[in-house]
Every structure is written in C-alpha cells, then in structure tokens.
Amino acid sequence: MLDRKPVRCDPRLPWLPRTRRFLSPMSGVTDRPFRDVCRRFGADIGFCEFVSASGLTYGGEQTWKLVDTEGEDQLVGVQIFGSNPDHMAQATRLLMPHRLDVLDLNFGCPAKKVVKKCGGSALLADLPLLERIVRAVTAEATVPVTAKIRTGWDEDSVNYDEVGLMLQDLGMSWVTMHGRTRAQKYTGQADWDRIARLVETLEIPVIGNGDVVDGDSYRRLVTRTRCHGVMVGRGAIGNPWIFARMRAVDEGYPEPEVTFAELCTVSIEHIRGEVAARGERQGVFTVRKHIAKCFKGQAGAAHLRRRVFAHEDSARMIGVLEEAARRGSAALEPEESS
Ligand SMILES: Cc1cc2nc3c(=O)[nH]c(=O)nc-3n(C[C@H](O)[C@H](O)[C@H](O)COP(=O)(O)O)c2cc1C
C-alpha cells in the first residue's frame with residue numbers, strides 16, 4: 001500500500017477518500033468515449049475538456065457540445081476557464097442542471113489565446129481576480145468546486161503555496177497541481193518536490209500531476225509526495241491501460257500485460273464510440289491521435305498505422321484492426337520482396 005497523507009475530505013464527496021486515479025481534462029482528447037475507456041481500465045474519475053465560461057454564457061452550440069456528460073453514470077467533472085467573474089458565475093448557474101460530480105476551475109492553461117484574456121494560468125499572477133472568480137463560482141455552484149493550478153506564472157513568481165492556501169480557504173474540495181510554471185509550458189520536468197510541499201501545506205487533498213507515464217512513475221510520484229491522488233494527461237493518450245497499471249500499484253498486484261489483440265480490440269471499441277458520439281468524419285479524425293500512439297513499440301506498428309490511416313471510413317479501419325487482432329502484428333508486416 002502506498003503511503004498517503006491523511007487529509008480532510010469534503011463530506012459531500014463520499015467517494016473522494018478512495019479516489020486516486022484521475023484522468024486529466026485534455027482539450028480535443030477527453031471526450032465521453034475516451035473517458036469511458038479510461039474508467040473501464042481503472043480511472044476513478046474523468047474530466048471533460050475545458051470549456052469557456054464566456055462561450056457557455058453566449059450559448060454557443062459547439063461550446064455546449066463539450067459538456068458531453070448526459071447520462072454518464074460514473075464520476076465526471078466539468079472544467080471551465082475564463083477571467084470574467086460574471087461569466088464564470090453565469091456559466092456555473094447554467095451548468096448546475098447538467099450531469100457533473102464536481103466543477104473544476106482552470107488556473108493552469110498556458111495557451112496564449114487563454115492567457116492573453118487573463119484566463120487559465122494568467123490568474124496565478126492576479127490573485128485578487130482569481131479570488132473574485134472563485135467566490136463568484138462558489139456562490140452559484142450546487143456541486144463541490146475544485147481547482148487546477150500550475151506552480152506559478154514563471155520561476156520568479158512561484159506562488160503555489162499562497163494560491164493553494166487561498167483556494168483551500170475559499171472552500172475548494174481539492175487542488176490539482178501540475179508541477180510546472182506557465183513559462184515552462186510542457187518543457188523540462190514537472191517538479192514533484194513542489195507537489196510534495198503543497199501536500200504538506202494543505203489539509204485538503206492535493207492531486208499531483210505531471211509526467212506520470214506508467215505504473216512505476218505513478219508509484220514514484222505518490223511515494224515522493226504522499227499526494228492523495230494522481231492526475232494523468234498525456235500518458236493516457238493511446239494508453240488507457242495506464243490506469244490498470246496504476247490500480248495494480250494501488251492494490252499491490254503485478255501490473256497487467258496488454259496483448260496486441262487487446263490493443264486492437266480496444267482501438268476498435270474506441271473508434272465505434274467516437275463515431276457514435278461525433279459522427280463518421282469527426283469521430284475518425286479524433287480517434288487517430290489515440291491509435292497513432294497506441295501501437296508504438298509494437299512489431300509492425302508503422303505498417304499497421306499506415307494501413308489503418310489509409311482509410312477514412314471507420315468500417316475499413318475496423319476491418320484492418322480486426323484482421324490484425326486475428327493474425328498478430330508481425331503477420332501484418334509487408335513481405336520482403338524476393
Ligand atoms: C492536448 C492537451 C490538452 C490539454 N487540455 C487541458 C484542459 O483542457 N484543461 C486542463 O486543465 N489541462 C489541460 N491540459 C494539461 C493536462 O491536463 C496536464 O495538466 C498536463 O498535460 C500535465 O500532465 P501530464 O504530464 O500527465 O500530461 C492539456 C494537455 C494536453 C497535452
């Protein structure tokens with residue numbers, strides 16, 4: 001059993017004490033079909049891709065499509081971003097009749113188009129505005145509210161301890177921290193020691209995030225920080241099995257092996273899910289980034305990917321994968337010309 005710091009869990013979230021494995025919100029990635037696949041392999045909770053609070057208040061159809069949680073019967077969070085407290089409050093009000101277990105606030109996004117409007121990680125450099133936003137949201141929310149932060153805006157303004165304490169005082173049920181500054185974006189390494197310090201500082205759960213890619217890195221992050229849970233982003237793309245590996249670490253049994261046939265059958269299931277959710281064209285487009293990563297390192301992977309991606313309709317892609325599942329990867333390699 002991994003050692004975790006005892007924390008004060010929000011009594012409105014009876015499932016939180018045993019919730020350890022979090023699928024990150026990822027724009028363009030963590031839609032309903034992918035969340036379903038990840039939870040099947042052991043993710044305890046999934047998050048929708050982040051959604052603009054202003055977009056929700058304007059009623060944009062494309063924006064509302066991102067809140068794809070209707071009928072979702074497992075744990076799910078919706079994450080909003082924005083810098084206008086009124087829009088954040090109004091978006092919260094509009095979201096409350098929808099299906100969500102927690103509402104997460106994005107204070108970590110490094111993207112230019114978000115920070116130039118003072119949203120996402122830019123709020124780490126404007127704590128009075130961040131506080132107004134949190135107060136505006138919590139006044140409207142009928143579900144628990146959580147926040148996702150980075151360690152600070154840049155190395156000269158690292159302030160996660162101050163931000164974390166403020167978020168705790170403002171009633172957040174947990175804080176997730178990606179161990180990089182905004183200036184780092186995705187470069188370098190996530191600073192797990194900073195996550196450890198935040199765990200020590202706060203009484204509420206801290207969810208550690210950054211650079212967990214397998215069971216071993218999961219074990220090392222928890223051991224180093226004693227964080228309550230771990231959120232995984234990139235490590236889950238094309239690799240929902242990471243959650244099975246994490247679960248094996250949590251429950252103390254050997255990490256499961258994934259067979260080539262299973263890579264194929266789960267990819268098929270994912271294609272079907274995306275096409276059902278988004279329609280043929282968009283569904284096929286969305287699932288490609290998962291399949292591109294899924295077969296990495298397998299014998300014949302490049303050839304298999306080429307064969308799958310040669311098709312733009314899901315039935316043919318599925319046909320190639322079904323054949324691959326039957327025959328094995330090596331059998332699909334192009335024959336040497338004699
Ligand atoms: C394609 C992509 C989209 C992302 N979208 C979001 C998002 O919508 N909301 C968010 O809080 N973080 C988002 N992130 C950041 C991740 O949630 C996570 O914090 C970051 O990737 C570090 O974790 P990792 O090393 O496990 O990937 C995104 C990351 C990627 C790679």
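These notebook entries record what I looked up in a predicted model.

**Entry 1: the nonpolar cores**

I began with the interior. In soluble globular proteins, nonpolar side chains tend to be buried together. The largest nonpolar core here has 65 residues. I noted the members with the most contacts inside this core: L103, F107, I149, L167, V230 and F243. Helix α6, which spans residues 127–140, gives the largest share of this core, namely six residues. Another core, of 25 residues, lies apart from this one, and its members include A244, V275, V284 and I291.

I then looked up the surroundings of F243. Leaving aside neighbours within four places in sequence, I found F243 in contact with R21, F22, L23, C38, F41, G42, A43, V232 and A236.

Is V134 buried or exposed? Its relative accessibility is 0%, and the cut-off for a buried residue is under 20%, so V134 counts as buried. Beyond four places in sequence, V134 is in contact with L105, F107, L167, L170 and M172. Two of these contacts, F107 and L167, are also on the list of residues with the most contacts inside the largest core. I also looked up the separation of V134 from V145, eleven residues apart along the chain: their C-alpha atoms are separated by 8.8 Å.

I turned to helix α10, residues 242–251. How many of its ten residues are buried? The number is seven, so the helix is largely enclosed by the rest of the structure. I listed the buried residues as I242, F243, A244, M246, A248, V249 and D250. They pack against β1 (21–23), α1 (32–40), α9 and β9 (229–232). This list of buried residues holds F243, which I had met in the largest core, and A244, which is a member of the other core. Just after α10, G252 takes a positive phi of about 75°.

**Entry 2: helix α9 and its two partners**

Two packed helices are described by the angle between their axes and the distance between the axes. I looked up both values for α9 and α10: they pack at an angle of about 50°, and their axes are 8 Å apart. That angle makes α9 oblique to α10. The crossing of α9 past α10 is right-handed. On the side of α9 the contact is made by G215, Y218 and R219, and on the side of α10 by R245, M246, V249 and D250. By class, I recorded three nonpolar, one polar and three charged residues in this contact.

Helix α9 (residues 215–225) also packs with helix α8 (residues 192–201), at an angle of about 45° and with the axes 8 Å apart. These two helices are therefore oblique to each other, and α8 passes α9 in a right-handed crossing. From α8, the residues in contact are W192, D193, I195, A196 and V199; from α9, they are S217, R220, L221, R224 and T225. This contact has five nonpolar, two polar and three charged residues.

**Entry 3: helices α11 and α12**

How do the axes of α11 and α12 cross, and within what distance do they come? Helix α11 (residues 260–278) and helix α12 (residues 280–294) have axes that come within 7 Å and cross at roughly 155°. That angle makes α11 roughly antiparallel to α12. I noted a right-handed crossing here as well. The contact is made by L263, S267, H270, I271, E274, V275 and R278 of α11, together with E280, Q282, G283, V284, T286, V287, H290, I291 and C294 of α12. The classes are seven nonpolar, six polar and three charged residues.

**Entry 4: positive phi in loops**

Last, I looked up backbone angles. Most residues other than glycine have a negative phi, and most peptide bonds are trans. C118 is not a glycine, yet its phi is positive, about 70°. C118 has its place in the loop between α5 (112–115) and α6. With a relative accessible area of 23%, C118 is partly exposed.

D211, also a residue other than glycine, has a positive phi near 75°. D211 lies in the loop between β8 (206–209) and α9. I recorded D211 as partly exposed, at 26% relative accessibility.

Conventions:
Residues numbered from 1 in each chain as written. Predicted model: local features only at pLDDT ≥ 70, side-chain atom pairs only at ≥ 80, totals over all residues. Heavy atoms only, no water. Core = buried A, V, L, I, M, F, W, Y, C linked by side-chain atoms within 4.5 Å. Buried < 20%, exposed > 50% of the residue type's maximum accessible area, 1.4 Å probe, protein only. Helix = DSSP H or I, 4+ residues; strand = E, 2+ residues; numbered from the N terminus. Contact = heavy atoms within 4.5 Å. Axes fitted to C-alpha atoms, helices over the stretch in contact; angles between N-to-C directions. Parallel < 35°, antiparallel > 145°, perpendicular 65-115°, else oblique. Left-handed = near helix turned anticlockwise from the far one by under 90°. Nonpolar A, V, L, I, M, F, W, Y, C, P; charged D, E, K, R; others polar.
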